[in-house]
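I opened a new page for this structure.

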Amino acid sequence: KKKPPSFDPSSVVCWEKEKPVPFLFLCLAFDMINEESGRIVKTDIVCNLLRTVIYTTPEDLVPVVYLSANRIAPAHEGLELGIGDASIIKALAEACGRTEQQIRIQYKEKGDLGLVAKASRSSQSMMRKPEPLTIRKVFKTFHLIAKESGKDSQEKKKNHIKSLLVAATDCEPLYIIRLLQTKLRIGYAEQTLLAALGQAAVYTEEHSKPPPEIKSPFEEAAQIVKKVYSVLPDYDKIVAALLTDGVWELPKKCDFTPGVPVGPMLSKATKGVSEILNKFQDVEFTCEYKYDGERAQIHYLENGSVEIYSRNAERNTGKFPDVVAAVSRLKKTTVSSFILDCELVAYDRAKQRILPFQVLSTRARKNVAISDIKVEVCVFAFDLLYLNGQALLQENLRIRREHLYASFEEESGFFQFATSTTSNDVEEIQKFLDQAIDASCEGLIIKTLHEDATYEPSKRSLNWLKLKKDYMENIGDSLDLVPIGAFHGRGKRTGVYGAFLLACYDNDNEEFQSIAKIGTGFKEEVLEERSTSLRSKVIPKPKSYYQYGESTNPDVWFEASEVWEVKAADLTISPVYRAAVGKVDSNKGISLRFPRLVRVRPDKAPEQASSSEQVAEMYTAQKHNHNDKQDDEEDD
Ligand code: ATP
């Protein structure tokens, strides 16, 4: 049974089969998505968009998918847009025959350069009307823009942008600008695109017949594409395989490959040792130090080249030439290729001790020369995902660890295996936690060893539990939240923001939900810094995908742009805030008591903030704990 087509943007724009797909087609779909709020309908629109392209011009599917994901290449290729305001304003001014000053004034009013572009009519008389934009052309131009470097590159970028704007009509200027800024902001996430891609592939004629064991083809196809993307986040490869072999063959055609980073496995928070023993009652587990540094996935290819990827799959190799040298030197001669999962931690080799995360963040980000390095780094290795041509993801941790230990030499201060112990005695684990804290670690990560112990890419898994010392004194874990609004400061804080409205992210509805107002924990310079940074993110009105209570009236609203790690004393049910609404209480949300800022998390995108589901889980866990302990401590 096929789904009825609904919200089909192709009813508005037409083109001949096999001819390039007009860019307007994609832009109208973006408009439709923006107007809807439910995920199912949004998925339907994207599915119809993709189906139409597969049917008419499959050659254009790759650029359509990339632009829909607001990317131009896989994250690890490092080819990025994110064009700054200045170049866009220049291009816009020239394309419309207006002054930069006029554009800037309008930008201030509207708070969105895309909207300024949409409202600006070209006043330049054109001898010849430019050809309508196609998706191919826009995608190609975006690549040219991203690749421009060196002398005159700003000028060249501006000219490319101008050429697009001159040819743009209808709502196209809006999306050209937003795509260039990588702020599509139409309230949909990559997971929707992946689901839609799977569903669209079910419709393709040659491959539409699912194998007999598939009971709900649309749902299962969506799951297949999501899963494959988690081990091979590369649309070029996935789209090519979908078009030639169909969705049911996809897992066989697209697998884990060195050189393409997988999403790292993540852990869930727990409150204490007894909760861990309860959860892992009948399974073998191991406790490892939780180091506080930067997650890294190190790929060593057969040809001897090394790449280091961040938690977000960005290529970080240029930042850590010392790590590249260490792993190449310390791998055993029997090892010809590997993928290592580890934490890179700032380290004082003279004193043989771990340094805080903040020290690591002072290290330069690009083109670091070994001779210039001031902050030394030690690799703390905890997992091996690939060895000598074989993926180890499906092996259990005990086996992966045996391979890890057998493949590298340890060298103090350069490369060490994560310190671990295996015990199911409460006191011993407690003692091990204290040791971890003494060694400047954040706590422990407890991992299943044998059963349910495969490596789960991109997943916050119940098979990895984290235990931090301060869990006992605060709520289960810190939360990662997004500032979406602010209140002007008074008195000593005049000129900066005095408090901020924070939100968590709800994956089901793809929206940011208000959770608390935060005004404490800021050092003066941090407040100054955050205020300056967020001032450029002010928008005239809240986004349609912000959920907040009627009585919440911040002085300004922000584009969701950064993530803050926040601690709190307590989670409470609140009639004012909307976090996890419907999950614990049908009408009320969850809020934080005494929230305070711990640090900014530049490694996380807003959509990677704590989810409403995590907030609800933390609330429930806290309630149980309170009932157990009759905990009446007050914070602050
Ligand atoms: P946090 O803010 O607590 O670091 P997170 O959202 O970044 O949380 P979590 O899943 O909560 O990620 O914690 C796992 C992180 O801890 C990993 O991403 C990794 O960077 C770090 N880490 C340190 N030591 C280990 C270890 N032994 N095993 C796994 N991860 C570790």
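**The ligand shell**

I sorted the residues of the shell around the ligand by type and got six nonpolar, one polar and eleven charged. I note that the model is a predicted one.

Next I looked up which residues come nearest. Out of 18 residues around the ligand, these are Ser267, Arg311, Glu343, Lys466 and Arg601.

I then went through the strands. At least two shell residues come from each of β1 (266–269), β2 (285–290), β11 (443–448) and β12 (460–468). With four residues, β12 gives the most to the shell.

**Polar atoms at the ligand**

Arg311 has a polar side-chain atom 2.6 Å from an oxygen atom of the ligand. For Arg601, an N or O atom of the side chain is 2.7 Å from a ligand oxygen atom. Lys447 places a polar side-chain atom 2.8 Å from a nitrogen atom of the ligand. I also looked up the cover: on its own the ligand has 610 Å² of accessible area, and the protein covers 95% of that.

**Glu562**

I turned to Glu562, which sits in the loop between β18 (556–558) and β19 (564–567). Is Glu562 buried or exposed? Its relative accessible area is 9%, so I count Glu562 as buried, the cut-off being under 20%.

I looked for partners of its side chain. The Glu562 side chain has a polar contact of 3.0 Å with the side chain of Arg530, and another polar contact, also 3.0 Å, with that of Ser533. Beyond its neighbours within four places in sequence, I found Glu562 in contact with residues including Leu481, Val482, Pro483, Leu534 and Pro606.

How values were computed. Residues are numbered from 1 along each chain as its sequence is written. This is a predicted model: local features need pLDDT of at least 70, side-chain atom pairs count only at pLDDT 80 or more; totals for chains, interfaces and linings use all residues. Side-chain values use heavy atoms; hydrogens and water are left out. A residue is near a molecule or strand if one of its heavy atoms lies within 4 Å of it. A polar contact is a pair of N or O atoms within 3.5 Å; within protein, one must be able to donate a hydrogen and the other to accept it, and residues adjacent in sequence count only if both atoms are side-chain atoms. Accessible areas come from the Shrake-Rupley method with a 1.4 Å probe; for residues, only the protein chains shown count as cover. Ala, Val, Leu, Ile, Met, Phe, Trp, Tyr, Cys and Pro count as nonpolar, Asp, Glu, Lys and Arg as charged, and the others, Gly among them, as polar. Buried means under 20% relative accessible area, exposed over 50%, partly exposed in between (1.4 Å probe, protein chains only). Contact means heavy atoms within 4.5 Å.
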